[in-house]
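Please read the points below with the model open beside them.

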Amino acid sequence: MEKEQELLERQSPEEEAAPIEEAPPPEAAPVEETPAQKLAACILATTREAHVTPLKKLKLHLPEGVTPEEAEELLTKAGTPEADPALEKIAFIRGKKDLYFYETTLMTAHFAELDSLIMDKDILRTIATVTRSDCKLYPRPTQFSKLMGYPFYFSEDEIEGAAARMEKLEEYADIGVVTASNGGKGFYSTQFISRGYAQGLIESVEVEERENP
């Protein structure tokens with residue numbers, strides 16, 4: 001009896017309270033993404049790079065497990081009541097050559113339209129769209145120098161050629177060109193501003209603002 005009491009007294013509190021080790025719970029099996037979720041992730045990644053996603057290009061580089069037929073069926077319902085919930089934030093622009101998709105929380109419809117026009121390589125419609133928007137919103141002419149920068153990167157020869165071609169087409173009858181005293185040029189739209197007003201504005205932005213920044 002005394003020996004048993006001695007053994008109990010020698011036992012440390014840690015030994016007395018040592019918990020029984022339990023086996024860790026089994027890991028949950030990973031949830032497989034649906035085709036719609038995979039497509040949404042692809043479009044989101046491209047939108048983050050400031051570009052729309054052409055349907056033709058997407059069908060050539062589909063996520064694993066998604067067929068071209070599934071992709072087209074799912075994506076052409078984007079923006080409609082029948083859209084898959086995973087694609088509720090995906091919209092598209094219908095271009096002349098393709099459908100172009102983008103994530104609406106990261107890109108505006110206007111920027112998506114411009115990028116789709118650039119991908120369509122439709123320089124006339126691109127210039128007219130930007131010009132009408134600039135003349136309506138600000139108002140101001142669209143400087144040639146703007147069209148030579150991001151996101152357009154048109155060359156001066158391309159812009160001059162486009163201006164000459166638009167003069168001969170009825171759908172661009174409202175688009176004209178004004179020139180400042182320093183040679184700087186800009187497009188304007190008679191839908192929103194007169195030639196005289198556009199002339200004064202191009203002189204202001206090309207000459208006066210540069211001389212008095």
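1. Tyr153 counts as exposed because its relative accessibility is 56%; exposed means over 50% relative accessible area, buried under 20% and partly exposed in between (1.4 Å probe, protein chains only). The model is predicted, so local features need pLDDT of at least 70 and side-chain atom pairs count only at pLDDT 80 or more, while totals for chains, interfaces and linings use all residues. Residues are numbered from 1 along each chain as its sequence is written, and side-chain values use heavy atoms, with hydrogens and water left out.

2. Four aromatic pairs turn up in a search of the whole structure. Rings of Phe, Tyr and Trp (its six-membered ring) pair if their centres lie within 6.5 Å; planes under 30 degrees apart count as stacked, over 60 as edge-to-face and the rest as tilted. One of the pairs is Phe144 with Phe187, stacked at 4.8 Å centre to centre and 25 degrees between the planes. This pair links distant parts of the chain, 43 residues apart: Phe144 lies in helix 8 (residues 144-147) and Phe187 in strand 6 (residues 185-189). Phe144 counts as buried because its relative accessibility is 6%, and Phe187 counts as buried at 1%. Tyr150 and Tyr153 form an edge-to-face pair, 6.3 Å centre to centre with 70 degrees between the planes.

3. Arg140 places its charged end over the ring of Tyr138, 3.8 Å from the ring centre. The criterion is NZ of Lys or CZ of Arg within 6 Å of the ring centre and within 35 degrees of the ring normal.

4. How many cavities of 30 Å³ or more does a search of the whole structure find? The search finds one, and the largest cavity holds about 30 Å³ of space. On a 1 Å grid over the protein atoms alone, a cavity is a set of points where a 1.4 Å probe fits but cannot get out, and a pocket is an open set with protein on both sides within 12 Å along at least five of seven lines; lining residues have an atom within 4 Å of a point. Grid points are joined across faces, edges and corners, and a volume is the space filled by probe spheres set on the points. Phe187 is among the residues lining the largest cavity, together with Ala163, Met166, Glu167, Ile175, Gly176 and Val177. Helix 9 (156-166) and strand 5 (175-179) are the elements giving two or more residues to this lining. Strand 5 gives the most, with three residues.

5. The largest pocket has a volume of about 220 Å³. Its lining includes Cys42, Glu49, His51, Lys57, His61 and Met119. At least two lining residues come from each of helix 3 (35-48), strand 1 (53-54) and helix 4 (55-60).

6. Glu33 sits in the loop between helix 2 (13-17) and helix 3. Glu33 is partly exposed, with a relative accessible area of 42%. Its C-alpha atom is separated by 9.7 Å from that of Gly65, 32 residues apart along the chain.

7. The chain has 10 helices and six strands; helices (H or I, at least four residues) and strands (E, at least two) are DSSP runs, numbered from the N terminus. Of its 213 residues, 37% count as buried. Among contacts (heavy atoms within 4.5 Å) with a separation of 6 or more, 53% involve residues 24 or more positions apart.
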